[in-house]
Amino acid sequence: FPSHDIGEFKTEDGLCFELAAVGLDKIDIDIQVDGDTLRVTHDGKQDNERNYIARGIARRSFDLAWKVASKFDLSQLEARLSKGLLTIDIPYAESKAPKKISIK
């Protein structure tokens, strides 16, 4: 499966998934939300027409799924693919977003 990072990198924004997607176009990747589960898949086709001397680039299929906490709003998910990096941003659910408390 591809290398990936998951975190609340900017805590005011929500959850961010970053997946290595080198050589893939956006039509090659399928993103689905089912309840509280985020699934990212790619059906890697084998290239049998090439005669490789060495193979170091992983072009295999993957099917990754994560349960996402209810404090994040999967219905507002945004995804983008740029320079071989798939980024999926999931904002906090409005009622569960962190709030800064002022001291009086």
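Predicted model: local features only at pLDDT ≥ 70, side-chain atom pairs only at ≥ 80, totals over all residues.
An open sheet of four strands was found, with the strands in the order 1-2-7-6 and with antiparallel pairing. Its edges are formed by strand 1 and by strand 6 (78-82), each of which pairs on one side only. On average, and with direction ignored, neighbouring strands of this sheet are turned by 10° against each other. Strands of a sheet pair through backbone hydrogen bonds, in either a parallel or an antiparallel arrangement. Within this sheet, strand 1 (residues 4-7) is joined to strand 2 (residues 15-20) in the antiparallel sense by four bridges. In this pairing, Gly-7 is placed opposite Cys-16 of strand 2. Strand 2 also runs antiparallel to strand 7 (residues 85-90), and six bridges connect the two. Here Phe-17 faces Ile-88 of strand 7 as its opposite residue.

In soluble globular proteins, nonpolar side chains tend to be buried together. The largest nonpolar core of the model holds 18 residues, of which Phe-17, Leu-38, Val-40 and Ile-90 touch the most other members. Two or more residues are contributed to this core by each of strand 2, strand 4 (37-42), strand 5 (62-67) and strand 7. The surroundings of Val-40 were listed without residues up to four places away in sequence. On that basis, Val-40 is in contact with Leu-19, Ile-29, Asp-30, Ile-31, Phe-62, Asp-63, Leu-64, Trp-66, Leu-86 and Ile-88.

A search of the whole structure gave four salt bridges. Side chains of opposite charge can pair when their charged atoms come close. Among the salt bridges is that between the side chains of Lys-67 and Asp-36, with an N to O distance of 3.4 Å. This pair connects distant parts of the chain, 31 residues apart: Lys-67 belongs to strand 5, and Asp-36 to the loop between strand 3 (29-34) and strand 4. Lys-67 has a relative accessible area of 66% and is therefore classed as exposed, the limit for that class being over 50%. Asp-36, at 35%, is partly exposed.

Another salt bridge is formed by Asp-63 and Arg-39, whose closest N and O atoms are 2.6 Å apart. It too links distant parts of the chain, with Asp-63 in strand 5 and Arg-39 in strand 4, 24 residues apart. Arg-39 is partly exposed, its relative accessible area being 33%.

Most residues other than glycine have a negative phi. The phi of Lys-83, in contrast, is near 55°, a positive value in a residue other than glycine. Lys-83 is exposed, with a relative accessible area of 87%.

Notes: Residues numbered from 1 in each chain as written. Heavy atoms only, no water. Pairing = 2+ DSSP bridges. Axes fitted to C-alpha atoms, helices over the stretch in contact; angles between N-to-C directions. Core = buried A, V, L, I, M, F, W, Y, C linked by side-chain atoms within 4.5 Å. Buried < 20%, exposed > 50% of the residue type's maximum accessible area, 1.4 Å probe, protein only. Contact = heavy atoms within 4.5 Å.
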